[in-house]
Amino acid sequence: MISALALLPAQYTLRIMLRPLILALALLPAAATNRPPPADPLTATIHTEDADRFAALFARTKGKPTAAQLKRDYLDKGSFGIGVFTPGRIGDADTLARAIAANPTRYAQAIKTCLPAAKAATADLRSIYLGLRGALPDAKLPQVYIVFGANTSGGTAKPGAQVLGLEVLCRISPTPEKLRQTLRHFFAHETVHAIQEDAGMTLARDPLLAAILVEGAADFIAQLVTGEEPDAARAAWATPREAELWRQMQADIALTRTLTDKDNPDEGSPEAKAYARWIGNYSTPPAGWPPELGYWMGLRIWQRYYAAAPDKHAALRAMLAVRDPRAILAAGAYRRRPPSS
């Protein structure tokens with residue numbers, strides 16, 4: 001399954017890589033003066049007010065809204081979700097207008113097929129939120145917003161909100177059935193990121209390892225509450241290769257360990273290649289590899305960590321904090337099984 005970070009265009013990958021935005025889904029405390037109240041799993045709803053307003057404007061303008069119309073009738077009237085989504089993804093009304101003009105059919109299809117399907121996903125949201133409440137009883141579950149963006153991102157999360165860009169999700173999941181599966185994963189995976197950020201995590205100077213553990217934790221908890229493998233094809237490819245993948249990951253972690261969020265390695269540098277081998281490569285995975293293998297490696301680390309933990313609730317809390325990446329890596333290390341006699 002695809003993460004929101006993975007859905008950013010390839011040209012942004014290196015710029016995201018070692019700046020705070022690298023883990024903006026999960027790691028940076030954010031003040032929000034108008035943060036909505038936490039969602040109640042029993043009554044949680046998918047907020048589509050922004051998407052409905054966009055759809056009405058799109059229809060009224062015959063698919064050709066101007067920047068002025070988008071600003072006045074869509075962005076300026078937006079919800080908390082639009083406020084979260086605009087700075088790093090929509091940008092401004094001019095950017096949004098250009099994106100719509102470049103591919104109006106994509107937006108029309110998302111309005112026709114995917115918006116009704118998203119509205120029908122309330123039962124899935126409540127079921128997954130009930131699972132998250134059982135696993136993480138103290139967590140403040142975010143409200144979920146469906147919006148239309150500038151065709152750059154499938155979603156993001158911060159304390160109080162999980163915001164999903166429908167035109168991108170509809171592109172990767174163009175049928176109601178596929179969209180439902182994608183939304184189920186987002187409801188779980190991206191919600192974990194919102195909770196991680198709310199936990200006020202701190203990072204060691206270990207950006208690749210931290211990213212692998214943060215994304216792996218979200219995939220682990222998503223798998224726990226949905227009962228579904230986040231990416232079955234990726235897991236099938238990686239499982240028989242885990243020993244060699246583990247060796248490569250350790251080498252790449254060592255190479256990137258001293259980088260800080262102020263560093264921005266040149267594209268093509270050893271550090272950039274080491275990071276991009278695992279994270280942020282949905283469109284450009286290494287030759288012969290499935291994309292985003294860092295997610296799977298993080299999931300496997302947490303699976304071993306969780307299996308060995310006597311207190312499962314404490315293990316889950318550790319996934320929200322990731323306070324000592326090196327200790328977590330050691331506790332969840334891959335060990336080749338001895339040959340059977």
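Helices (H or I, at least four residues) and strands (E, at least two) are DSSP runs, numbered from the N terminus. The model is predicted: local features require pLDDT of at least 70, side-chain atom pairs count only at pLDDT 80 or more, and totals for chains, interfaces and linings use all residues. Residue numbers run from 1 along each chain as its sequence is written, and side-chain values use heavy atoms, with hydrogens and water left out.

The protein contains 16 helices and four strands. Of its 341 residues, 55% are buried. Buried means under 20% relative accessible area, exposed over 50%, and partly exposed in between (1.4 Å probe, protein chains only). The accessible surface is about 14,600 Å². Carbon and sulfur atoms account for 54% of that surface. Areas follow the Shrake-Rupley method with a 1.4 Å probe. Contact means heavy atoms within 4.5 Å. Among contacts between residues at least 6 apart in sequence, 75% join residues at least 24 apart.

Most residues other than glycine have a negative phi. Val322 is not a glycine, yet its phi is positive, at about 45 degrees. Val322 sits in the loop between helix 15 (312–321) and helix 16 (325–331). With 0% relative accessibility, Val322 counts as buried. Asn151 also has a positive phi, near 65 degrees. Its loop runs between strand 2 (143–147) and strand 3 (155–158). Asn151 is partly exposed, at a relative accessible area of 21%.

Strand 4 (residues 161–165) includes Gln162. Gln162 is buried, because its relative accessibility is 0%. Neighbours within four places in sequence aside, the contacts of Gln162 include Tyr129, Pro142, Val144, Tyr145, Phe186, Phe187 and Glu190.

Helix 2 (residues 49–60) packs against helix 6 (residues 104–119). The angle is about 140 degrees and the axes lie 11 Å apart. Axes are lines fitted to C-alpha atoms, for helices over the stretch in contact, and angles run from 0 to 180 degrees between N-to-C directions. The pair is therefore oblique. Angles under 35 degrees count as roughly parallel, over 145 as roughly antiparallel, 65 to 115 as roughly perpendicular and the rest as oblique. The crossing is left-handed, that is, the near helix is turned anticlockwise from the far one by less than a right angle. From helix 2, Ala51, Asp52, Phe54, Ala55 and Phe58 meet Pro104, Tyr107, Ala108, Ile111, Leu115 and Lys119 of helix 6. By class, this contact has nine nonpolar, no polar and two charged residues. Ala, Val, Leu, Ile, Met, Phe, Trp, Tyr, Cys and Pro count as nonpolar, Asp, Glu, Lys and Arg as charged, and the others, Gly among them, as polar.
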